[in-house]
Amino acid sequence: MNTMKLSLSTRRYARALLCLFCPLWLGGIAPVMAEGSRVIATGGASMIEGSAGGGIVPWAVINGYGSSDEWSATAMATGVYVDDFTLKVMGASLSYDNRFELSLARQTFDLDTLGGELGQDIVGFKYKLAGELLYTAMPQITLGAQYKKVDDFSLPQAVGARDDWGLDIYVAASKVFFDTVAGRNLLLNATVRVTKANQTGLLGFGTEASNDYHFMLEASAALLLTDNLALGIEYRQKPNELGFAREDYWQDIFLAWFINRHLSVVTAYADLGSIAGFDHQQGWYLSLEGTL
């Protein structure tokens with residue numbers, strides 16, 4: 001009898017999907033909380049480094065739905081399940097006035113094939129400089145920073161990293177264009193990041209041969225299929241400085257469901273390229289976010 005064989009990453013993704021949706025089925029999908037003032041989906045989701053954005057790219061949006069003089073808070077849990085690795089992220093963020101955002105993220109990177117794990121803490125800050133996402137000709141433009149610190153520097157140091165901490169700084173521009181594709185709205189985002197991070201910092205920062213910052217481009221496009229359902233793509237450049245293994249750019253195709261102003265789910269198919277000598281790391285991304 002033929003048996004359908006699923007990859008390890010797909011099985012892990014399926015289990016995570018069931019775990020995420022069980023609370024929804026058991027408890028309903030509309031917790032009783034205060035409503036924010038902004039249009040649904042305009043806060044984006046929480047990316048793997050904790051900042052508001054897509055899955056792998058920070059956008060210019062500020063998290064949550066707070067507007068002028070209003071606070072908003074979010075919490076998220078994310079899993080990325082590729083062939084030989086699993087990235088788990090827990091995070092939270094706080095925003096005020098639709099202008100300031102402070103985020104915290106804890107990453108655990110399981111080396112499923114090699115054994116062991118790496119960990120990293122990230123503190124992010126974002127400030128809206130100008131523009132608006134929806135109603136002005138100028139895109140919304142934000143300046144952001146992410147301070148990162150790895151737990152155990154022994155493995156990153158062994159493969160050639162110079163430091164166990166680093167600071168990424170980025171400028172992002174986001175804009176929604178109305179009635180662009182078959183009458184639906186289209187969000188475009190472009191981000192320029194300066195960084196010394198190896199594999200986003202999980203393998204340390206800089207190398208013994210170079211401690212220079214690198215300018216990296218990141219981009220996202222999302223089509224609003226409905227007011228609360230978005231289909232999009234993301235692309236992220238990364239430095240390739242460690243000599244022991246190639247580091248590739250990342251990309252994904254995502255589907256984001258903003259169930260209401262308090263709950264959203266993002267799922268994606270991610271291509272992370274080569275990681276630590278393991279090529280073709282492809283698999284699934286799943287994130288659940290709650291917002292107050």
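User: In this predicted model, is Y135 buried or exposed?
Analyst: The relative accessibility of Y135 is 65%. Exposed means over 50%. Y135 therefore counts as exposed.

User: How many aromatic pairs are there, and which kind do Y135 and F178 form?
Analyst: The count comes to eight aromatic pairs. For Y135 and F178, the centres lie 6.5 Å apart, with 20 degrees between the planes. Planes under 30 degrees apart count as stacked. The pair of Y135 and F178 is stacked.

User: How many residues apart are Y135 and F178?
Analyst: Y135 sits in the loop between β6 and β7. F178 belongs to strand β9, and at 42% relative accessibility it counts as partly exposed. The pair links distant parts of the chain, 43 residues apart.

User: Which kind of pair do the rings of Y235 and Y249 form?
Analyst: Their centres are 5.8 Å apart and their planes stand at 85 degrees. Planes over 60 degrees apart count as edge-to-face. So the pair of Y235 and Y249 is edge-to-face.

User: Which parts hold Y235 and Y249, and how many residues apart are they?
Analyst: Y235 is in strand β13, Y249 in the loop between β13 and β14. The pair therefore ties together parts of the sequence separated by 14 residues.

User: Where does D69 lie, and what is its phi?
Analyst: D69 is in the loop between β2 and β3. It is exposed, at 59% relative accessibility. Its phi is positive although D69 is not glycine, with a value near 60 degrees.

User: Which ring has R261 over its face?
Analyst: R261 is 5.8 Å from the ring centre. The cut-off is within 6 Å. The ring is that of Y65.

Technical notes
Residues numbered from 1 in each chain as written. Predicted model: local features only at pLDDT ≥ 70, side-chain atom pairs only at ≥ 80, totals over all residues. Heavy atoms only, no water. Helix = DSSP H or I, 4+ residues; strand = E, 2+ residues; numbered from the N terminus. Buried < 20%, exposed > 50% of the residue type's maximum accessible area, 1.4 Å probe, protein only. Phe/Tyr/Trp six-rings, centres within 6.5 Å; stacked < 30°, edge-to-face > 60°. Lys NZ or Arg CZ within 6 Å of the ring centre and 35° of its normal.
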